[in-house]
Amino acid sequence: MRAGFPDFRLGTVLATSFTGTLSERHGDAVERIPTPQRLVDWLTVNGLAVDSCTTAQLDLARQLRESIHAAATAAAIQEPLPASAVQVINDRSAQGRAAAILTAGGERLWRLSSASCVEDALGVIAADAISIIAGERDGKLALCASPTCRAAFFDTSQSRTRKWCDMNTCGNRQKKARFNANQRKNSTGTSP
């Protein structure tokens with residue numbers, strides 16, 4: 001990772017990991033792709049390597065990110081999908097030209113039409129979002145229980161009762177807050 005930027009929050013689902021490039025949406029927001037190069041870094045880490053990115057392509061990426069977040073949030077709370085978000089997701093999916101390829105090890109990789117085509121990578125992300133929002137994959141969209149986060153995530157746990165987008169950040173923060181509150185309660189409730 002590049003020095004001076006917050007770490008990426010990587011998950012197993014491409015579309016919701018992409019929405020996680022803006023975290024703490026209801027608190028002190030943390031932008032994890034503040035520059036075109038940082039988007040290049042995120043795409044590379046997620047198997048969608050591109051050589052470069054323009055400011056206009058970064059704007060397209062952020063528009064897609066926010067559209068996926070809006071649609072996934074609506075799906076998670078079983079509300080109608082916002083038409084404008086659906087349009088952006090569909091447009092990005094249709095404009096991308098990427099092909100799934102199978103490695104000798106049995107893994108799927110993506111081959112973009114060119115190494116500088118961020119739009120192809122965004123098409124892959126949009127297609128992934130369509131897959132999860134449409135309910136085509138085994139799992140359930142949910143929202144993080146952290147009141148400052150509320151990130152949409154794809155719950156693939158056996159019980160489908162996961163509460164946090166990321167246990168290492170939001171989950172631990174909430175557990176620590178509960179622990180500290182209990183410590184304060186116990187210390188004020190016990191006097192010699």
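Colleague: Where does T19 sit?

Modeller: T19 is in helix 1 (helices are DSSP runs of H or I, at least four residues, numbered from the N terminus). This is a predicted model, where local features need pLDDT of at least 70, side-chain atom pairs count only at pLDDT 80 or more, and totals for chains, interfaces and linings use all residues. Residues are numbered from 1 along each chain as its sequence is written, and side-chain values use heavy atoms, without hydrogens and water.

Colleague: Okay, T19: buried or exposed?

Modeller: T19 has a relative accessible area of 3%, so it counts as buried (under 20%; exposed is over 50%, partly exposed in between, with a 1.4 Å probe and protein chains only).

Colleague: What is T19 in contact with, leaving aside neighbours within four places in sequence?

Modeller: R25, R65, I68, H69 and A152, contact being heavy atoms within 4.5 Å.

Colleague: New topic. How many aromatic pairs turn up in the whole structure?

Modeller: The search finds 1. It's F18 with W42, tilted, 5.0 Å centre to centre and 55° between the planes. Phe, Tyr and Trp rings (six-membered ring for Trp) pair with centres within 6.5 Å; under 30 degrees is stacked, over 60 edge-to-face, the rest tilted.

Colleague: Which parts of the chain does the pair link?

Modeller: Distant ones: F18 is in helix 1 (residues 14–19) and W42 in helix 2 (residues 36–45), 24 residues apart. Both F18 and W42 are buried.

Colleague: And where's D59?

Modeller: In helix 3, residues 55–76. D59 is partly exposed at 44% relative accessibility, and its C-alpha is 9.9 Å from that of T35, 24 residues apart in sequence.

Methods
Helices (H or I, at least four residues) and strands (E, at least two) are DSSP runs, numbered from the N terminus.
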